[in-house]
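Reader: I would like to go through some labels given to side chains and ring pairs. For each one, please set the value against the cut-off.

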Amino acid sequence: MLFLKFLLAMLPIIWLVAALSGLKMAGHKACVMALILTMCLALGFWKLSAACTVTAALEGVLNALWPICLVIIAALFTYNLTVKTGAMERMKKMLAGVSRDKRVLALIIGWGFGNFMEGMAGFGTAVAIPASMLVGIGLDPMCAVIGCLVVNSTPTAFGSVGVPTVTLASVTGTELVPLAGNVVLIQCILTFLSPFLMVCICGKGIRALKGMMGITLTAALSFTVPWFLTAQLIGPELPDIIGSICCMGCMIAAIKVFGQKPQEEYAIEVDASKGQQDQERLTVGEGARAWSSFLLIFLLLILTSNLCPPIHNAIAGIKSSVAVYAGEAGSTLTFSWINTPGVMIFLAAVIGGLIQKATFGDMAEVLIQTLQKYWKTVLTICSVMAVAKIMSYSGMISDIAQFLVAAAGPLYPLIAPLIGAIGAFVTGSGTSTCVLFGGLQSETAAALGFHAEWMAAANVMGAGIGKMVCPQGIAIGAGAIGAVGSESKILSAVLKYFLLYVIAAGVICYAGTMLGL
């Protein structure tokens, strides 16, 4: 009976993988059909009432719209507005002043800045903003989004100022700092290797590492070391932020040491300007104006985070809470109307647009175009979040996990990260995955004689890896590069990296349990 439940519960996931990678179906169509299938299974086999099924789906849709879709639309609006005002071309020229090598810029923007966005905001910003910027400076769109999806896996544990790990500690009843220490310990190898993969992906092959070892090693060490020490000594709130700031600073310094003229195939192209004024280097003021939207995103996210208690506490209470699910043990949805990343990004975009001399008419035009272009992305994310809520409330996700635990036995550590990855594939969220499976992981660890902190860390590591292939993340990536409808192509390309990471994670987790970690 347990196997039958497992098999039926896996059907929506199997359908999504088959539809996106095998049938090459557009993401919004595949996810809507997955939602219909999930509703039928919940109603017919798991005997979830019609009211509970519908309200579970509604809760997922509302959760998707605010804050997830809000963040994505805000990020894409910011990028599109910088294109409209010409700021993106000026930013491109400034980045070319740092380096004209696409591989180097992929590390600075996709790895360094992407990790910073994950640490500050999360909710897809670490893919949407860096990927759109990389496309703007001339990288191949598919390479840009695949690279961002892959390297965004390990910073997930400390995303949104540490929310996933803080949530995991509360769910499992473990101490926060020791848990954060286990998270960086179990992830440090994959984290160190991620920038090397970024170079290979964006350079379209391992040969792209030629001439890049010094800078890539700097990128890996300058993030991983402070990230590791911050988690071990302070906790989960700051590792991504401190690591990324150190990383970007060290990479810019390393460029001066290791910098060389890029090979022609890796050189970005900057449009030749007409007139002497455009040929001259941008002034500090012009540079600040071009980067104003992104600088304001950084400033506003810092000021409204718990790193700045007076402002954070003043606006944190401006929120509404509502219970949507009609059944028992339903969660309460909380809508923060000001203190949420999407609102801050929108505000930064508008102020930055005014600094860049855009009119409100220009902004309205760009916003309407953004909404028209990316409605399929919104539909995809709403559908997959509805699937996640129905699977959670009906017991489908719990049945999947229970079967895997029973089947694995003492070899459970090999699949502990896989369970986290399945949770992230369904929910698209590291935090939600910790809520779903954190307790299961720690209880299983206790039953098998393993350390609860280590197995909980394996769960959040798997959650980050699962975000590579979750339909929600892929939809964000497709939207960021202006390739809505190419979700199947992105999934097929990123699947091999997902398998590499999830196998490596299982081996690392198992080795750690054998060493008594």
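Author: Buried means under 20% relative accessible area, exposed means over 50%, and partly exposed lies in between, with a 1.4 Å probe and protein chains only. By that rule Glu59 is buried, and Lys389 is buried as well. This is a predicted model, in which local features need pLDDT of at least 70 and side-chain atom pairs count only at pLDDT 80 or more, while totals for chains, interfaces and linings use all residues. Residues are numbered from 1 along each chain as its sequence is written, and side-chain values use heavy atoms, with hydrogens and water left out.

Reader: What makes Glu59 and Lys389 a salt bridge?

Author: A salt bridge requires a side-chain nitrogen of Lys or Arg within 4 Å of a carboxyl oxygen of Asp or Glu. The closest N and O atoms of Glu59 and Lys389 are 3.1 Å apart, so the pair meets the definition. Glu59 belongs to helix 3 (residues 50-85) and Lys389 to helix 17 (residues 375-394), so the bridge ties together parts 330 residues apart in sequence. Helices here are DSSP runs of H or I with at least four residues, strands are runs of E with at least two, and both are numbered from the N terminus.

Reader: How many salt bridges are there in the whole structure?

Author: A search finds six. One of them joins Asp101 and Arg103, with the closest N and O atoms 2.7 Å apart.

Reader: Why is Asp101 called buried?

Author: Its relative accessibility is 1%, so Asp101 counts as buried. Arg103 also counts as buried, because its value is 1%.

Reader: How do you know that Lys467 and Glu118 form a salt bridge?

Author: The N to O distance between their side chains is 3.9 Å, and the pair therefore falls within the cut-off. The bridge links distant parts of the chain, 349 residues apart: Lys467 is in the loop between helix 21 (452-466) and helix 22 (471-480), and Glu118 is in helix 5 (residues 102-120). Lys467 is buried because its relative accessible area is 14%; Glu118 is buried because its value is 3%.

Reader: Why is Ser293 called buried, and what does Ser293 touch?

Author: Ser293 has a relative accessible area of 1%, so the residue is buried. Ser293 is in helix 13 (residues 284-304). Leaving out residues up to four places away in sequence, Ser293 touches Thr78, Thr82, Ala348, Ala349, Gly352, Gly353 and Gln356; contact means heavy atoms within 4.5 Å.

Reader: How many aromatic pairs are there, and why is the pair of Phe77 and Phe346 called tilted?

Author: The structure holds 15 aromatic pairs. Rings of Phe, Tyr and Trp (its six-membered ring) pair if their centres lie within 6.5 Å; planes under 30 degrees apart count as stacked, over 60 as edge-to-face and the rest as tilted. Phe77 and Phe346 have ring centres 5.4 Å apart and planes at 40°, so they form a tilted pair. Phe77 is in helix 3 and Phe346 in helix 15 (residues 341-355), so parts 269 residues apart in sequence are tied together. Phe77, at 3% relative accessibility, counts as buried, and so does Phe346, at 19%.

Reader: What makes the pair of Tyr325 and Tyr393 stacked?

Author: Their rings are 3.8 Å centre to centre with 5° between the planes, so the pair meets the stacked criterion. Tyr325 is buried at 10%, and Tyr393 is buried at 19%.
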